[in-house]
Amino acid sequence: MPSKLKPFLSTLAVAVAAAHCAPARAAQDTVQVLHWWTAGGEAGALQVLKDDLLQHGVQWQDVPIAGGGGAQAMTTLRARVLAGDPPSAAQLAGFDIVDWSHQGVLQDLTPIARRQDWAHKVPKALQDFDVYQGRWIAAPIGVHSSNWLWASRKVLTRSGITRPPATWDEFIADLARVKKSGFVALAAGGQPWQIATMFDGVVLSTGGPDFYRRSLLERDPKALDSPTMLKVFERMSALRPFVDQGFANRDWNEATAMVMQGRAGFQMVGDWALGEFNHAHQVPDKDYLCVRTPGTQGSVTYHSDALVFFKRDAKDQQAQRILAEAVMSPGVQAGFNRIKGSAPALLGISREGFNACGRKAIADLAQADASGTLLGSLSQGNAVPPAVKGAFFDVIAREFNGAISPAEAARQLAAAAKAQY
Ligand code: GAL
């Protein structure tokens, strides 16, 4: 660590300790945070962090960049950093954290991590992304997973479906029943990251965890252009007739609203949707069902939302330190994730207050981690570097929209994996 940084960082820990012991002060410091948590449930979760900061004398200056999945947020963040005007902190996940860690613009959070013992409280699967060359460069706030299926109890009942599908064939049959009953069978948005979110589950359901690992994590061209991947894309094409005409530019939370309002039967989306059901005060099993994507039970495609902190003037550093420690405090970890629909990033946080779907999310993550079936989500940037992810998203979206055949899509995935980025 550069010697000039040592004195700064050693005062860091002292300042943070003082800040967290001091009584609440009138907010004098501010932190400017760039994120894409703009849906109702997301904003509700964020309020927990904002309130905690205020207790410690720090005012949150919001830099919300609408557009789920973070694509627009990354564009704005790059522009700000290039202009020499980075925010105090930004929401990042997976390989985007790795990308930024190479730029030399992130603060080293190691002294805080040592004081709060992050090394023993954060699962290894998250440390793989939050620690770079032995230094903590990201503070993980929650863990989401994408291989979920959400269903409207009312629509299923009216379609004569008494229990959610457990296998792929049951799922397709239930989609047909819902469509025949006059509802939108599959609520979805046509943004590439949303189609890729469905793809996460279809790959896992079709080929199982080992195939998912070989194809999407190891990018083995022999797995990417294989009869199994051909079947994956054929299944993606089989889903297409079940989405409605208006899906192209629909945001993910608008699709979730269709399920909540009884206009659609199913949505294949990550458990950030749980934040919307929570925000609408809907009740698991009574109003909606949360089950793993049919055929993926026992495995989890995950990613973690984290905050990274940019190097800024000394006057900003106190507030940044307080924010980093707040993110990793048990109170914020519990309060934020209960509302957000994600699992706490810290181990040992009480499940008190998490509903049945939230508790299932936490239990499934722990079980998958223990059994080696915890897999990085392609759609959420936890499987491949950003440039490869972009190329994969393009192939997946073009196939789903019928621009290329399943066989051509499998070939193009393998070609994209071989291309040097
Ligand atoms: C993910 C993010 C979630 C949620 C979702 C929808 O990338 O990790 O927290 O925001 O996008 O926008």
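How many nonpolar, polar and charged residues does the lining of the second largest cavity have? The lining has four nonpolar, four polar and two charged residues. Here Ala, Val, Leu, Ile, Met, Phe, Trp, Tyr, Cys and Pro count as nonpolar, Asp, Glu, Lys and Arg as charged, and the others, Gly among them, as polar.

The model is predicted: local features need pLDDT of at least 70, side-chain atom pairs count only at pLDDT 80 or more, and totals for chains, interfaces and linings use all residues. Residues are numbered from 1 along each chain as its sequence is written, and side-chain values use heavy atoms, with hydrogens and water left out.

Five cavities of 30 Å³ or more were found in a search of the whole structure. A cavity is a set of points, on a 1 Å grid over the protein atoms alone, where a 1.4 Å probe fits but cannot get out; its lining residues have an atom within 4 Å of a point. Grid points are joined across faces, edges and corners, and a volume is the space filled by probe spheres set on the points.

The largest cavity holds about 110 Å³ of space. Its lining numbers 14 residues, and W36, E42, G69, W272 and Q380 lie nearest the centre. Five of the lining residues are nonpolar, six polar and three charged. The ligand takes up the space of this cavity.

Around the ligand stand 14 residues, with E42, H303, D305, K340 and Q380 the closest (near means a heavy atom within 4 Å). This shell comprises five nonpolar, six polar and three charged residues. Domain 1 (9-141 + 304-365) and domain 2 (148-301 + 370-419) both contribute to the shell, so the ligand lies between them. The domain bounds come from an automatic or database assignment.

The distance is 2.5 Å for E42, 2.5 Å for D305 and 3.2 Å for W36. On its own, the ligand has 300 Å² of accessible area, and the protein covers 99% of that area (Shrake-Rupley method, 1.4 Å probe).

The second largest cavity contains about 80 Å³ of space. Its lining consists of W36, G69, M74, L92, A93, D96, H303, Q380, G381 and K389. Domain 1 and domain 2 each supply at least three residues to this lining.

Note on methods: A polar contact is a pair of N or O atoms within 3.5 Å; within protein, one must be able to donate a hydrogen and the other to accept it, and residues adjacent in sequence count only if both atoms are side-chain atoms. On a 1 Å grid over the protein atoms alone, a cavity is a set of points where a 1.4 Å probe fits but cannot get out, and a pocket is an open set with protein on both sides within 12 Å along at least five of seven lines; lining residues have an atom within 4 Å of a point. A molecule sits in a cavity or pocket if more than half of its atoms lie within 2 Å of its grid points.
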